[in-house]
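Let's take a friendly walk through this model, starting with its charged pairs and then turning to its helices and a strand residue.

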Amino acid sequence: MKKFYQDEKDAYRRSIDMGLEGARLRSGGWASREGGRQERICRLAEAIKEAEAIVVGAGAGLSTSAGFTYSGERFDRYFSDFAQAYGIGDMYSGGFYPFPKEEIQWAWWARNIYFNRYVDAPRPVYQELLRLLEGKEYFVITTNVDHQFQKAGAEKGRLFYTQGDFGLFQCADGHTGRTYDNEAWVMEAMKAQGFEKDSKGVYQLPGHGQLSMELPARLIPRCPEDGSPVVMNLRVDNSFVEDAGWHRAAKAYGDFLDRHSQGRVLYLELGVGGNTPMIIKYPFWNMALSNPEAIFACINYGETFCPKELEGRGLCIDGDIGEVLEQLQGHVKGDAT
């Protein structure tokens, strides 16, 4: 297999190249599912125990399992005023709404960032995953932007957030090439809307239930270098800023893959859907196929499959990721019932 991190290409672009190569595997059909669900869970537990290295690929389904849902109770609780005023149905679609004023747009984004970046996930799914990885040589590539791996205790040097971070701003057109921490701004913007901190320091709805959907003009965020408009550091177009930290993480990912291109490697895909298969799913197929000792595993709701070429080395488990991780915990740690 070619060296993953090579020449002028960073690991992200090399990953996409490998994803394009891996996409062709779709045309050959899908591997059969050997054994029942519990048997596959047991086989995955053994693969985790025996793996010399584990490459985790985390998509939106992992955070959904942890309780970070963009609709339903969380949305109704914290965004009901925006839903009533503008007909917005969920946090994701609200990010594209043409609000009439910047003061309203940034009130929306302050809430969105806070509840999807600066609070802990309702369920300890990330912690369960890290417990499974204890003592293992592992690396995580994720398209999630909610920072939950680090909040759960993962080492920063083992993480590659490919698509950005809700906790960072950048200038709107990316011209400075830098990112800017937004935590202080978010906290001030939440207070300005009327949210109140509880005994644990977490912003909650005020007792009277009334919130402002508009920030004072002085709180509209600007680039600290030249006062130009800012946006979230999220990959939506070519203006996305890949800052120095992003490039360090890309190199660390590529170096890890180079060190573990052969041997007992587990490629563990968690909650990856159809939006960004070129970043995780298809490259994982390709890398597993290039290493006869490797195993590819996928845990997800309804989107669990792998190509026929990985027959016998592909483990697909359909179900809630958190529940499967709990079951794996018992097998890996030796206390399964």
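## Salt bridges

Which residues are linked in a network of salt bridges? They are Asp10, Arg13, Arg235 and Glu242, where a salt bridge is a side-chain nitrogen of Lys or Arg within 4 Å of a carboxyl oxygen of Asp or Glu. This is a predicted model, in which local features need pLDDT of at least 70 and side-chain atom pairs count only at pLDDT 80 or more, while totals for chains, interfaces and linings use all residues. Residues are numbered from 1 along each chain as its sequence is written, and side-chain values use heavy atoms, with hydrogens and water left out.

By the salt-bridge rule the count comes to 20. One of them joins arginine 13 to glutamate 242, with the closest N and O atoms 2.6 Å apart. Arginine 13 lies in helix H1 and glutamate 242 in the loop between strand S8 (230-234) and H10, so this pair ties together parts 229 residues apart in sequence. Helices (H or I, at least four residues) and strands (E, at least two) are DSSP runs, numbered from the N terminus.

The lysine lies in helix H11 and the glutamate in strand S9, so the pair ties together parts that are 12 residues apart in sequence. Are these two buried or exposed? Lysine 281 counts as buried at 2% relative accessibility, and glutamate 269 is buried at 0%; buried means under 20% relative accessible area, exposed over 50% and partly exposed in between (1.4 Å probe, protein chains only).

Helix H11 (residues 281-290) is mostly covered, with 8 of its 10 residues buried. Its cover includes helix H1 (11-23), strand S1 (53-58), S2, helix H10 (244-259), strand S9 (265-270) and strand S10 (295-300).

## Threonine 142

Threonine 142 sits in strand S2 (residues 138-142) and is buried, with a relative accessible area of 0%. Its side chain reaches the backbone nitrogen of asparagine 144 at 2.9 Å. Leaving aside neighbours within four places in sequence, threonine 142 is in contact (heavy atoms within 4.5 Å) with residues including Ala58, Phe160 and Ile280.

## H6 against H9

Helix H6 (residues 102-118) packs with helix H9 (residues 183-193) at an angle of about 115°, their axes 9 Å apart. Axes are lines fitted to C-alpha atoms, for helices over the stretch in contact, and angles run from 0 to 180 degrees between N-to-C directions. Among the residues that meet are Trp106 and Tyr114 in H6, and Trp185 and Met190 in H9.

Key. A polar contact is a pair of N or O atoms within 3.5 Å; within protein, one must be able to donate a hydrogen and the other to accept it, and residues adjacent in sequence count only if both atoms are side-chain atoms.
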